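User: Hi! I am new to protein structures and would like to learn how to read one. Could you take me through it step by step?

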Amino acid sequence: MQNLTITDDPLSLDRIRSILTRLEDTIIFSLIERAQFAHNPRIYRRGEFHELKDIGFNGSWLDWFLKETETFHAKARRYTAPDEYPFTDPTELPPPILKPIAHPQILYPNKVNANPSILAFYTQSIVPRITRQATLALSTAKRAQGVTGEGEYEDDGNYGSAAFIDLEVLQAVSKRVHYGKFVSESKFRDDPAAFVPHIRSRNRTALEGLITKPEVEKKLLQRLRKKAELYAQNFAPDGQPLSDTSTRKIDVDGVVELYEHYIIPLTKEVEVDYLLVRLDGLSDEQVDALAAGKKS
């Protein structure tokens, strides 16, 4: 999280990278916390809780948890900041109680929001994988109680605890992905002439090429794996790490693959989507000036 009211240059790539690096820690630790509970797929399906139907809510348990939490956060003006995006439809959230902070104009006006995709991928692909160990342990315990078949799996009843951690993971991943806008804006301002022709021609491939740094991504994944391996360790009473991979608190490969195959590609999509609206509302003269190399 960066304090946009006192930051000298919120578009400094070094500053942005430091924020993204810290978010790696937040995401890994949150995933480790979620991994201690079973899958509990019931909390992600609409209409599963009559208690919610009784109060007129027709979404899933997690949808309700997000809306209730984000309602409070909206009142505290969280979503007036340019780096915050709710999962709940903004039209269903209340206005802030406090007057908005006069944030500097950092990003170009846009409506790019990847949260629906993040929520779907997280609940359908990430949660089942990172909770596999806890789910298998649950099935063992249920068989000991005489429960067999489908009833063995998936549900340990910790709906509140699981959803609370889900919310933390989702908010951290959302912030990480949408920080791609800051990256795009920084690079666009540094060399607008390189981007304008491809924005005009709607050339997504060329735009992605301008923002992609393979060596940076390679180092990121190497760093992420080392962090995940370290944070996933358990320790003996004397403080010595237990090297047995079977005792790890989370599937390290799953964390790395989350970044490699989803978070990084989705961030690039957000970056390109942002760039494609970067010239909207500008006059032909303004766009021509940017194409001529005049920085915005």
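Analyst: Happy to! Of the 296 residues of the protein, 45% count as buried; buried means under 20% relative accessible area, exposed over 50%, and partly exposed in between, with a 1.4 Å probe and protein chains only. This is a predicted model, where local features need pLDDT of at least 70 and side-chain atom pairs count only at pLDDT 80 or more, while totals for chains, interfaces and linings use all residues. Residues are numbered from 1 along each chain as its sequence is written, and side-chain values use heavy atoms, with hydrogens and water left out.

User: How many helices and strands does the protein have?

Analyst: There are 12 helices and 0 strands. Helices (H or I, at least four residues) and strands (E, at least two) are DSSP runs, numbered from the N terminus. Along the principal axes, the C-alpha atoms fill a box of roughly 75 × 50 × 35 Å. As for contacts, meaning heavy atoms within 4.5 Å, 70% of those with a separation of 6 or more are accounted for by residues 24 or more positions apart.

User: How do I read the packing of two helices?

Analyst: Two packed helices are described by the angle between their axes and the distance between the axes. Axes are lines fitted to C-alpha atoms, for helices over the stretch in contact, and angles run from 0 to 180 degrees between N-to-C directions. Here, helix H7 (residues 180–190) packs with helix H11 (residues 252–276) at about 50 degrees, and their axes are 8 Å apart. That makes H7 oblique to H11: angles under 35 degrees count as roughly parallel, over 145 as roughly antiparallel, 65 to 115 as roughly perpendicular and the rest as oblique. H7 passes H11 in a right-handed crossing. A crossing is right-handed if the near helix is turned clockwise from the far one by less than a right angle, and left-handed if anticlockwise.

User: Which residues of H7 and H11 meet?

Analyst: From H7 come Gly 180, Lys 181, Val 183, Ser 184, Glu 185 and Phe 188, and they meet Thr 267, Val 270, Glu 271, Tyr 274 and Leu 275 in H11. The residues of this contact of H7 with H11 divide into 5 nonpolar, 3 polar and 3 charged. Ala, Val, Leu, Ile, Met, Phe, Trp, Tyr, Cys and Pro count as nonpolar, Asp, Glu, Lys and Arg as charged, and the others, Gly among them, as polar.

User: At what angle do H1 and helix H10 pack?

Analyst: H1 and helix H10 (residues 214–231) pack at about 40 degrees, with axes 10 Å apart, which makes H1 oblique to H10. H1 passes H10 in a right-handed crossing. Among the residues that make the contact are Ile 28 and Phe 29 of H1 and Leu 220 and Leu 224 of H10. By class, the contact of H1 with H10 has 7 nonpolar, 1 polar and 4 charged residues.

User: And how do I read a pair of aromatic rings?

Analyst: A pair of aromatic rings is described by the distance of the centres and the angle of the planes. Rings of Phe, Tyr and Trp (its six-membered ring) pair if their centres lie within 6.5 Å; planes under 30 degrees apart count as stacked, over 60 as edge-to-face and the rest as tilted. The structure holds 8 aromatic pairs. One of them is edge-to-face: Phe 49 and Tyr 159, 5.2 Å centre to centre with 85 degrees between the planes. Phe 49 lies in the loop between H1 and H2 and Tyr 159 in helix H6 (residues 159–178), so the pair ties together parts that are 110 residues apart in sequence. Phe 49 is buried at 5% relative accessible area, and Tyr 159 is buried too, at 16%.

User: How far apart are the ring centres of Trp 61 and Trp 64?

Analyst: Their centres are 5.1 Å apart and their planes are at 40 degrees, so the pair of Trp 61 and Trp 64 is tilted. Being 3 residues apart in helix H3 (residues 61–75), Trp 61 and Trp 64 are separated by about one helical turn. Trp 61 counts as buried at 16% relative accessibility, whereas Trp 64 is partly exposed at 23%. Phe 49, Trp 61, Trp 64, Phe 65 and Tyr 159 form one aromatic cluster.

User: Is His 39 buried or exposed?

Analyst: His 39 counts as buried, at 13% relative accessibility. His 39 is found in the loop between helix H1 (13–34) and helix H2 (50–54). Leaving aside neighbours within four places in sequence, the contacts of His 39 include Tyr 44, Thr 123 and Glu 154.
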